[in-house]
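Student: I've got a model open on my screen and I'd like to learn how to read it. Can we go through it together?

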Amino acid sequence: MSESTMARSDLADPAARRALMAGVDTTPGSSKPDPILVVDNIVRQFGGMTAVDVGHLEVQRGIITALIGPNGAGKTTFFNLITGFDRPTSAKSGAHWSFDGATLDKTSASSVAKAGMVRTFQLTKALSRMTVMDNMMLGAQDQAGENLLKSVFKPLWRGQERAIEEKAKELLARFKLLEKKDDYAGSLSGGQRKLLEMARALMSDPRMIMLDEPMAGVNPALTQSLLGHIQSLRDEGTTVLFVEHDMHVVRHISDWVAVMAEGRLVAEGPADSVMSDTAVIDAYLGAHHDTDLGDDALLTDEVMEEIGQEVAAEQKDES
Amino acid sequence: MDTLQAILNSMLREAISPQTAAVAIAAIGLNIHFGFTGLLNIGQSGFMLLGAYGFAIAIGHDLPLIVGILIGFGAALVFALVLGAPTLKLRGDYLAIVTISAAEIIRYVGRSALLTDFTGAAQGLQGVSYRTPFTDLSFFGGGDATLSPFNYLDVAGGAGWVRLLGWLVAIATVAGIIALVRGATGAGVVARRTSVGALAVVFVFLLFFLMPANYQNTGVNGWWVRFVSWLLVAICMLTVFLLVRSPWGRLLRGIREDEDAIRSLGKNVFAIKMQALIIGGLFGALGGMIYVLPSSVQPDSMGRSLTFFCYTALLLGGAATIFGPVLGSILFYAARIMIKGVANAYIPDSIMNGQQTEQFSYIVVGVALMLIVIFRPQGILGNKRELRFNV
Amino acid sequence: MQRVAGFVVLLLLSPLLLLVSAQPAGAVGTLCLPSTTAACIAGTVRSDEGVVPDVKLTVTDEAGNAEEVVTGDDGKWNLSVKEEGAYTVALQEDTLPDNVSVSGPSEIKVQAKFGNTTPALIPVRTSAYVSSTSKLDELIQSSANGLRLGLLLALASIGLSLIYGTTGLSNFAHAEQVGLGGILGYVLINEHGLNIWVGGLLVVILCGFTGWLQDRVMWQPLRRRGLGLTQLMIVTIGLSLALQYTFQYTVGARTVRVLQDNPSVREIGPITMTNQSFVAMGISIIVIAAVGYALLRTRIGRATRAVSDNPALASASGIDVDKVIRLVWTVAMALAGLSGLLYALVTNGIKWDSGLQILLLLFAAVTLGGLGTAFGALVGSLIIGLVVELSPVLGMPGDFKYATALLILILLLLVRPQGLLGRPERVG
């Protein structure tokens with residue numbers, strides 16, 4: 001499934017993307033023309049607290065969707081739920097999600113990845129005490145050599161192993177990690193580990209890749225490079241869903257934005273319209289955000305006198 | 001000089017004994033569990049005991065040798081499934097607790113008076129009841145033999161300088177092997193490998209030259225059982241080598257490193273851990289069968305201490321290596337005998353009598369295990385960067 | 001690292017130090033070894049309360065030749081015979097203690113075979129047992145025994161659970177710490193004749209000191225060094241091995257008793273137990289209550305629970321985590337020592353591997369209650385104690401009563417791995 005010439009999808013053209021998303025409703029949970037992921041009624045409670053309560057969400061195929069929201073909004077928990085790393089509390093009462101037509105309700109993390117939806121982690125999970133090359137080789141799926149009985153007989157998997165190695169080298173070259181292929185992953189810098197994780201995720205040719213805060217802890221120079229990689233992923237036809245805090249990044253590359261706050265989906269839409277949506281601003285800044293407490297104009301002379309009188313009165317009461 | 005020679009002789013005898021080989025095989029199994037996959041199995045003695053019981057009981061009931069072996073393996077397989085199913089999805093501590101408990105339970109069941117007809121209860125099963133089909137296979141014939149027939153006694157009547165010279169040469173060969181393996185010489189890969197092989201052969205010959213051993217050819221505890229057990233050790237090492245260099249082996253190391261990452265790559269982590277548990281358990285069962293061949297199946301002698309010996313041997317030699325468990329077992333048993341021998345010879349009975357030297361050697365084992373894990377977790381042959389065990 | 005090396009040297013030398021106080025290693029009673037020309041007949045005289053020493057039995061062969069054997073301190077006897085065939089083993093009832101009598105026939109026939117040891121078991125019961133034969137009475141007695149066992153387990157397992165909670169370490173040497181209490185009790189009270197209360201207090205203090213020492217010399221430096229939990233677990237395994245064999249080195253492989261005299265028995269309704277058992281239970285309840293009060297009401301207790309819950313957060317709130325952990329180790333080992341001493345008194349004997357036997361139960365109790373919670377450990381211990389003692393009454397063969405605890409553990413892990421009182425965080 002790997003091609004050395006990267007095929008460009010129809011949505012590589014920004015105009016095509018705008019046209020596609022122009023017709024979509026900007027309400028939370030709106031339906032998309034060609035959704036690759038559909039989730040219904042995902043609820044996760046911890047004790048008495050509801051961490052996630054998403055009624056309906058659809059992710060459009062072939063574009064970059066950003067999932068934003070203040071800290072504690074439940075974004076990573078939501079990620080964990082739909083990738084099988086956590087079980088929804090509503091698992092038995094109507095939670096339902098499907099990926100590319102296939103139902104994923106009762107699936108485990110590994111089956112989700114096998115189905116074509118691969119994720120990365122906020123704190124990179126590069127396998128530090130294994131080499132970069134080993135990391136990459138582990139990313140490939142359907143390896144005959146991973147079967148216990150076949151593994152003892154090298155001829156049964158030698159050919160496939162070589163092919164996987166070639167593909168790994170290609171991806172490493174693309175992410176500029178090829179010279180490091182025999183180094184331990186633990187010796188890479190933080191940013192390089194992020195690249196490694198992304199490269200490793202691509203080994204299985206996923207149809208959708210979910211990035212959990214890809215820019216976290218990455219220096220600004222590397223951010224551009226990462227952005228470029230994410231965009232080229234989209235241009236090849238992979239759907240991208242990522243969680244981010246950095247608004248510049250979100251504005252720069254996302255075709256669609258979904259906003260979560262307090263576990264719920266509060267807004268959807270293209271980046272610009274979502275940024276100015278009242279519900280979103282309230283979620284980030286709190287409901288009384290438009291009271292500018294730093295405005296000196298509030299302290300007029302009359303107000304100053306009033307304050308002075310109140311202070312004097314208090315001091316008299318105390319003495 | 002003579003006491004020293006006697007101690008050295010006993011060290012060599014212990015180093016090549018079938019029980020050392022058995023523990024080496026069990027340690028190889030433990031290496032798959034703990035060294036490669038990071039599974040904390042503290043019940044390897046349970047696997048060994050089950051293998052031994054299955055084998056001995058089957059043959060004691062007149063079933064063919066092969067069936068006995070298969071039943072021993074089957075018992076270990078079931079044991080692994082029963083232990084793994086609830087715990088492999090949980091944190092490592094739980095597997096440790098369950099395996100240590102389950103191994104004790106197997107021992108209790110074996111000791112129980114209820115099953116005396118099968119297991120012989122606390123007295124166990126006498127070796128004679130199951131050894132015959134094995135000894136019948138021997139093509140070594142009767143009589144006895146000394147290895148090596150040409151030894152230090154044949155040179156200048158076994159004078160001290162002959163032995164001293166021999167030891168110096170032996171140490172030189174070991175130094176040569178270490179230098180070659182570390183790549184200190186500039187020789188190419190093929191030249192290095194053949195040199196290491198040649199030096200190893202010379203070293204082994206020198207050992208038998210300096211510490212000749214005489215056993216019956218077949219018998220209860222003779223050359224035949226030694227030959228078979230060490231041959232099996234070699235086969236096990238080869239099997240592990242084939243497994244570990246394959247993608248399946250890569251998966252094991254990945255799981256040891258970070259399970260969630262492997263899960264996110266679409267691999268069925270539970271199934272692979274179960275496979276590792278089973279394979280390591282099968283090695284343990286084989287070790288158990290060999291352990292009891294020259295003696296008898298006694299549940300009390302295959303208890304928790306045996307698991308701890310396996311761990312010490314494994315960590316001493318170097319976890320997650322091919323030769324580590326074997327080297328560790330040999331050194332472990334030889335060193336223990338040395339401690340016992342030296343204590344017996346040089347510490348008067350009034351301070352430490354015979355039984356106490358035995359117990360003292362075990363105390364040293366426990367302390368040694370602690371020291372190895374604290375100061376040199378990679379053991380002798382292990383890779384330091386790979387084995388920091390940081391959870 | 002010098003401290004660690006020093007501790008290790010101390011450990012290596014300790015057997016020599018203890019030699020000053022321990023009796024010289026005496027000869028173990030001659031054991032009969034079956035061979036191709038000799039057969040063995042052996043047995044143990046044991047009542048519901050424990051082993052019965054100094055009982056005479058007569059072994060008569062088919063020709064009428066009789067030999068007499070006496071049970072040792074561990075209730076065991078053995079006889080080597082030169083001929084195969086039928087033998088009659090008869091127990092001389094007048095050599096039984098006053099409150100013990102045979103519960104069935106006082107003689108049995110056995111077949112001796114070369115190369116084998118034939119067991120000859122003649123069951124005996126205490127007089128208390130003879131009277132309480134109704135099922136309900138058996139249940140009540142077993143429940144009382146279970147409560148007793150549970151309380152003793154609780155003393156030890158609270159410490160184990162707290163160590164796990166505050167440091168994440170599963171301490172496999174904990175069982176040996178329990179054994180240490182019993183062995184020290186034997187050395188101080190039996191050998192050196194200290195009064196039991198004074199000796200007992202000294203045992204608890206000494207055991208607490210070993211806990212303090214361990215944390216100071218080993219665990220704290222290793223934590224600071226960043227040693228992983230797996231490595232620390234293996235260190236506890238090594239320590240466990242070293243301790244077991246140190247016990248065997250100093251005391252030998254036999255069972256030893258803390259108090260020389262036979263215990264007197266007291267009846268409360270259908271429940272019959274030795275005085276020592278009642279006292280032990282009383283002490284346990286008081287100590288457990290004290291620990292519980294300390295955890296709930298005192299500042300240091302609350303700090304301990306905080307560290308057990310979330311060490312990083314506790315540290316950030318100004319709690320000195322290292323001090324708390326040092327305290328936990330000290331108290332945990334003191335409790336374990338107390339538990340061992342009481343256990344030795346209650347079962348009227350302690351051996352070098354007594355700890356091994358209850359390790360399984362300790363871990364089952366702690367896991368059942370929830371790893372890391374002290375109250376969980378208490379609840380789990382009581383349940384395990386009851387299960388172990390009640391299972392023979394409810395049909396499980398006596399040999400397997402410890403196996404019941406393991407079965408419960410496995411089932412629990414399938415259904416509710418965090419235990420009864422543990423938090424349902426993701427455990428895997």
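Student: What is the average pLDDT of chain C?

Tutor: pLDDT is the predictor's confidence in each residue, from 0 to 100. Chain C averages 81, and 89% of the residues score at least 70. This is a predicted model, where local features need pLDDT of at least 70, side-chain atom pairs count only at pLDDT 80 or more, and totals for chains, interfaces and linings use all residues. Residues are numbered from 1 along each chain as its sequence is written, with chains lettered from A and ligands numbered from 1 in the order in which they are written.

Student: Which elements of chain C have the lowest and the highest mean pLDDT?

Tutor: Elements here are DSSP runs numbered from the N terminus: helices (H or I, at least four residues) and strands (E, at least two). In chain C, α1(C) has the lowest mean, 53, while helix α10 (residues 321-346) has the highest, 92. Also look at residues 14-29 of chain C, where pLDDT stays under 50. Where pLDDT is low, the predicted coordinates should not be read in detail.

Student: Now the chains. Which pair has the most contacts?

Tutor: Two residues are in contact if their C-beta atoms, placed from the backbone, lie within 7 Å. Two pairs of chains touch, and the most contacts are between chains B and C. That contact takes 45 residues from chain C and 45 residues from chain B. On the chain C side, α6 (229-251) is among the elements that supply at least two residues, and α6(C) gives the most, with 15 residues.

Student: What kinds of residues make up that side of chain C?

Tutor: Sort them like this: Ala, Val, Leu, Ile, Met, Phe, Trp, Tyr, Cys and Pro count as nonpolar, Asp, Glu, Lys and Arg as charged, and the others, Gly among them, as polar. The side of chain C that touches chain B has 33 nonpolar, 11 polar and one charged.

Student: And how many residues does chain A give to its contact with chain B?

Tutor: Chain A gives 26 residues and chain B gives 24. The chain A side divides into 12 nonpolar, seven polar and seven charged. Chains A and C share no contact; their closest C-alpha atoms lie 9 Å apart.
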